[in-house]
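Work through the two exercises below with the sequence and the coordinates at hand. Each task is followed by a stepwise solution.

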Amino acid sequence: MKKKIRKKVILRSIVGIPMGITIGYLISIAGSLIWGEGYYSPCVPELVTAMDSEIGAVVLQTALCALLGLSFSATSVIWELEHWNLVKQTGIYFLINSIVMLPVAWLTRWMEHSFMGFLRYFGMFAAIFILIWAVECVIGRRSIARMNEKLQESQQDEKR
């Protein structure tokens, strides 16, 4: 069993790396459309300044987006651990990805480098996490309800 889970983690990590890079790139495009005033900005100006070059900033941000993709993809295996309850799955998933996400956000200058900046970013991260989690729960419950309905229908058909 552990070998099977380990294999899933590795495979999802490999798939997660390009996914993280792609999502990071798409976010940079969206940010440029919103705040770029007609120009493409691959990363925040503060990161370019800190790295002393735009290419250095882009390389660092790309590597860190790859790390984020790896983390979120690898930890998705947690949702398949049937011997863990939903609270444990949620808590461990959130904890691991917070431990990865917050330093990445700090290093890429996605958050203001202050205590309040950290709290604001963490609050946004937690709010987005809760929103996605709640939507997934609703979708999951509806799916289970549909499966139960079909099961009841098939049981009624068997009785006839």
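The model is predicted, so local features need pLDDT of at least 70 and side-chain atom pairs count only at pLDDT 80 or more, while totals for chains, interfaces and linings use all residues. Residues are numbered from 1 along each chain as its sequence is written, and side-chain values use heavy atoms, with hydrogens and water left out.

**Exercise 1.** Describe how α1 passes α3.

*Solution.* 
Step 1. The axes (lines fitted to C-alpha atoms over the stretch in contact, with angles from 0 to 180 degrees between N-to-C directions) of α1 and α3 come within 6 Å and cross at roughly 135°.
Step 2. That angle makes α1 oblique to α3; oblique is what remains besides under 35 degrees (roughly parallel), over 145 (roughly antiparallel) and 65 to 115 (roughly perpendicular).
Step 3. The contact (heavy atoms within 4.5 Å) involves, among others, G16, G20 and G24 of α1 and A66, G69 and S73 of α3.

**Exercise 2.** Characterise the largest pocket and its lining.

*Solution.* 
Step 1. A pocket is an open set of points on a 1 Å grid over the protein atoms alone where a 1.4 Å probe fits, with protein on both sides within 12 Å along at least five of seven lines; lining residues have an atom within 4 Å of a point.

Terms used: Helix = DSSP H or I, 4+ residues; strand = E, 2+ residues; numbered from the N terminus. Left-handed = near helix turned anticlockwise from the far one by under 90°.
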